[in-house]
Amino acid sequence: MERKSKTDLFTMIQDRLSTASNIAVLCHAYSDGDAIGSALAIYSAIKRVYSQTLQSVTCIMEEPVPAKYDFLPGAENMLQWPEGKGRYDLVVTVDTASAELLGHRAELLEGAFVISLDHHSSHTPYSDIDVREADYGACGELVYEFICHIAGKPTADEALCLYTAIASDTGGLSQKNATPNSMMVSAMLAQYESVKVDEVAFRLFKASTYARNKVMGYCLSNEERYADGKICFSHITGEIMQETGCTDADTEGIVNALFATEGCEIAILARETTDGITKCSLRSHHANVADVAAHFGGGGHINAAGCRLDTDPKTAAETLAQYILQNGLI
Ligand SMILES: [Mn+2]
């Protein structure tokens with residue numbers, strides 16, 4: 001079959017949206033800024049463009065929106081599962097590399113026409129229309145293009161959501177995945193008065209909480225190293241999470257503090273979530289950590305990936321570090 005161009009795919013999606021009745025917009029569980037920003041922007045655009053033909057459009061999250069992102073316009077309208085449980089004839093997912101990453105909401109895919117907009121290189125197909133740009137730093141870049149296709153340009157609120165999405169996934173345009181495209185789209189969005197780049201950067205990268213500081217201290221004081229310091233790893237226990245009142249969202253980005261260690265090539269952080277799951281985050285300068293994560297049932301990008309391990313966080317971090325060492329991935 002001939003591979004369709006992105007414009008063709010966008011037009012096919014447009015046709016589907018214009019005949020849909022009830023649409024659900026979803027992003028991956030344990031959402032980050034790219035997932036939430038992309039979801040809110042596309043939700044808003046669908047709502048305004050198809051208001052005449054649609055009965056409803058609903059944005060459903062697996063967990064509550066993390067406080068860090070509650071400044072995003074529309075965040076207050078997002079439902080939290082099982083709110084919104086029901087039947088939808090069309091489901092749009094953003095930033096979601098597999099159906100499993102939807103958590104409980106994966107059941108909404110059954111019987112629905114499914115559209116996926118994603119930017120993960122390791123993507124397990126689950127949709128009827130799959131638009132993927134694995135070279136994009138953030139899904140927000142793809143959602144921006146899609147909104148331009150269906151609506152000409154984003155609204156002020158959508159622009160803020162999309163700018164935040166891109167800034168979030170690219171470390172404020174400072175990581176390797178920040179491409180010229182990430183910057184060009186960000187520059188378009190920064191022209192909106194609603195987009196205050198300093199405020200977004202502060203909220204995403206500088207602001208902390210007391211609980212997060214305590215957990216960060218725990219994580220850094222337990223940092224260990226293999227391979228002459230090329231592999232840096234640490235963990236966060238459920239106990240310290242409880243003791244400090246730290247939320248799962250508060251731990252976002254803590255792995256970057258390990259990654260900043262002099263001489264570090266791969267950083268690993270294993271943390272126990274408040275519901276007792278051990279989530280691991282990997283960062284690398286050169287090594288392919290998406291493959292490492294995939295070996296343990298996870299996935300992600302070459303230089304930033306994640307997986308879950310069915311063990312305590314200290315053992316999980318050690319297991320990943322050993323695997324990397326023993327397979328000569330460093
Ligand atoms: Mn993303």
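Modeller: Let's look closely at the sheet and its surroundings, then at a pair of helices.

Before we start, this is a predicted model, so local features need pLDDT of at least 70 and side-chain atom pairs count only at pLDDT 80 or more, while totals for chains, interfaces and linings use all residues. Residue numbers start from 1 along each chain, as its sequence is written.

Now the sheet. It is open and built from six strands in the order E3-E2-E1-E4-E5-E6, with parallel pairing. The names are DSSP runs numbered from the N terminus: helices (H or I) have at least four residues, strands (E) at least two. To count as a pair, two strands need at least two DSSP bridges between them. Strand E3 (79-80) and strand E6 (129-132) are the edges, since each pairs on one side only. Look for Ile60, whose bridge partner in E3 is Leu79.

Follow the chain on from E3 and you reach the loop between E3 and E4, where Pro82 lies. The peptide bond from Trp81 to Pro82 is cis, with omega near 10°.

Next, what lies across the strands? Helix H1 (residues 6-19) lies across strand E4 (90-94), strand E5 (113-118) and E6, at about 135° to E6. Helix H2 (residues 33-49) lies across strand E1 (22-27), E2 and E4, and runs at about 165° to E1. These angles run from 0 to 180 degrees between N-to-C directions, with axes fitted to C-alpha atoms, for helices over the stretch in contact. Residues are in contact if their C-beta atoms, placed from the backbone, lie within 7 Å.

Finally, the helix pair. The axes of helix H4 (residues 156-169) and helix H6 (residues 197-206) come within 10 Å and cross at roughly 40°. That makes H4 oblique to H6; under 35 degrees is roughly parallel, over 145 roughly antiparallel, 65 to 115 roughly perpendicular, and the rest oblique. From H4, Tyr163, Thr164, Ala167 and Ser168 meet Val200, Ala201 and Leu204 of H6. The contact residues split into five nonpolar, two polar and no charged. Here Ala, Val, Leu, Ile, Met, Phe, Trp, Tyr, Cys and Pro count as nonpolar, Asp, Glu, Lys and Arg as charged, and the others, Gly among them, as polar.

Notes:
Two residues are in contact if their C-beta atoms, placed from the backbone, lie within 7 Å.
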